[in-house]
Amino acid sequence: MGKFVNNIDEFFTFCKDNDVQFVDFRFTDIKGAWHHLTYRMSAVSAEQLEAGLPFDGSSVDAWQPINRSDMLLKPDVPTAFLDPFTADPTIIIFCDVYDIYKGQAYEKCPRSIAKKALAHADELGIADAAYFGPENEFFIFDDVKFVDNINESGYKVDTEEGEWNSNTHYEDMYNTAHRPGTKGGYFPVAPTDSMVDMRAEMMQVLEQVGLEVVLGHHEVAQGQGEIGVVFSDIIGAADNVQKYKYVVKMIAHLNGKTATFMPKPLYGDNGNGMHVHQSLWKDGKNLFYKEGEYANLSETALHYIGGIFKHARAVAAFTNPSTNSYKRLIPGFEAPSILTYSSQNRSASCRIPYGAGEKATRVEMRFPDSTACPYLAFACMMMAGLDGIKNKDIPIGPMDEDLFELSLDEIRERKIPQMPHTLRGSLEALIRDNDFLKPVFTDLFIQTYQHYQFERQVWPDEGRPTAYEFKTTYQC
């Protein structure tokens with residue numbers, strides 16, 4: 001677990017010892033998708049690893065124009081690990097993107113943005129380290145179909161665990177009748193939990209690629225699971241999300257299943273979140289800890305929470321960047337959208353985990369989901385938190401009651417802020433409120449990002465009729 005190489009010399013030794021045939025250079029785009037470029041091992045030199053590898057930036061969504069398309073991948077050699085899925089021995093290296101025209105880290109490279117966010121915290125004199133612990137939930141389905149044409153649209157997902165299969169006749173097997181049911185998946189043993197062995201395989205492979213795995217379990221919804229891994233620094237944690245999603249999807253695929261991190265694939269059942277634990281440190285000390293205060297939470301931690309809540313509507317553009325994200329953030333499905341904090345209380349948008357001592361005291365933001373690019377989501381939350389520390393923002397709370405029981409009128413009467421209800425709302429908030437992101441997120445990046453999200457997500461979604469609209473409106 002952890003690092004397999006520390007420098008270029010160790011990289012070549014490791015490759016020789018493992019008979020590596022291919023080197024897979026990977027980078028992340030602004031929507032969080034992982035891209036790769038594969039070289040023969042014999043074609044890779046130490047000079048290339050130091051200088052970078054050329055690629056076409058115009059073929060990546062929302063990046064370079066074709067007349068300024070040449071860019072460089074800058075390999076981060078100590079991130080190298082063996083791909084557990086390729087037929088031939090292949091080593092993967094995370095890369096940052098370099099802008100040859102401006103002679104600097106590319107301002108639209110999410111991994112570079114996250115690095116700048118950490119450097120910014122250090123420059124402010126606030127923190128020299130930031131630790132993040134994401135918890136990515138996922139669904140495993142047996143079959144997925146969807147159609148999106150001018151005259152028809154629809155989808156159908158299936159899992160053996162689905163309660164809708166209680167009367168299904170299977171040609172090659174019998175109906176076991178052991179199913180968790182809607183909201184019943186937390187967490188019965190096998191045979192009701194049908195994914196025990198698959199999660200175990202995922203956990204073992206995650207350890208092979210360098211993650212420190214703690215646990216795995218069935219989640220609340222039908223066909224839903226989660227694997228818990230140890231936190232890391234802001235870059236390592238985002239790298240681990242990319243590894244995690246890759247392994248989960250591939251293990252499902254190799255078992256004849258399909259995995260998704262989509263926030264809300266099932267109507268009426270719980271959705272997938274990416275709860276994110278966070279803490280800032282300086283000189284080896286946890287800035288979020290103060291013994292004797294509420295949940296041992298320091299004033300710095302409260303200001304950090306206050307900053308995230310103050311900018312939450314804009315932050316959501318990065319932490320919840322799909323139209324589907326907001327179908328998860330509705331009452332009744334354990335996805336908090338009420339912006340307050342509480343110890344142990346999972347109905348608050350920010351939970352303070354129970355029993356945390358000096359090293360473990362942290363805040364857990366529970367509204368993000370896995371459609372987020374992890375580098376951008378973590379950097380955005382940290383920039384909002386740093387702004388809160390600078391301005392001494394105070395969040396509403398603590399509130400230890402079940403906030404899911406509050407009506408909308410009660411929430412408004414008590415003046416508790418909420419997350420935005422749509423992606424359009426979050427993007428419009430980002431347009432109005434983005435100074436806290438600068439200079440780490442440049443104007444060019446913010447403009448590119450919001451335009452891309454309107455074009456890719458908001459306008460296409462708003463322009464399409466849905467089956468439910470036919471159900472409620474056709475007979476008008």
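R424 pairs with E428 in a salt bridge, with 3.1 Å between the closest N and O atoms. By salt bridge I mean a side-chain nitrogen of Lys or Arg within 4 Å of a carboxyl oxygen of Asp or Glu. This is a predicted model, where local features need pLDDT of at least 70, side-chain atom pairs count only at pLDDT 80 or more, and totals for chains, interfaces and linings use all residues. Numbering starts from 1 along each chain as its sequence is written, and side-chain values use heavy atoms, leaving out hydrogens and water.

Back to the pair. R424 and E428 sit 4 residues apart in helix α11 (residues 423-432), about one turn of the helix. Helices here are DSSP runs (H or I, at least four residues), and strands are too (E, at least two), numbered from the N terminus. R424 is partly exposed at 27% relative accessibility. E428 is partly exposed as well, at 31%. The cut-offs: buried is under 20% relative accessible area, exposed is over 50%, partly exposed lies in between, with a 1.4 Å probe and protein chains only.

Next, D76 and R111. Their closest N and O atoms are 3.0 Å apart, in a salt bridge. This one links distant parts of the chain: D76 is in the loop between β4 (70-75) and β5 (81-82), R111 is in helix α3, and they are 35 residues apart. R111 is buried, at 3%. D76 and R111 also belong to a salt-bridge network with D96, K115 and D239.

Then D143 and K145. This salt bridge has its closest N and O atoms 2.3 Å apart. D143 is partly exposed, at 32%.

How many salt bridges are there by this rule? The count is 22.
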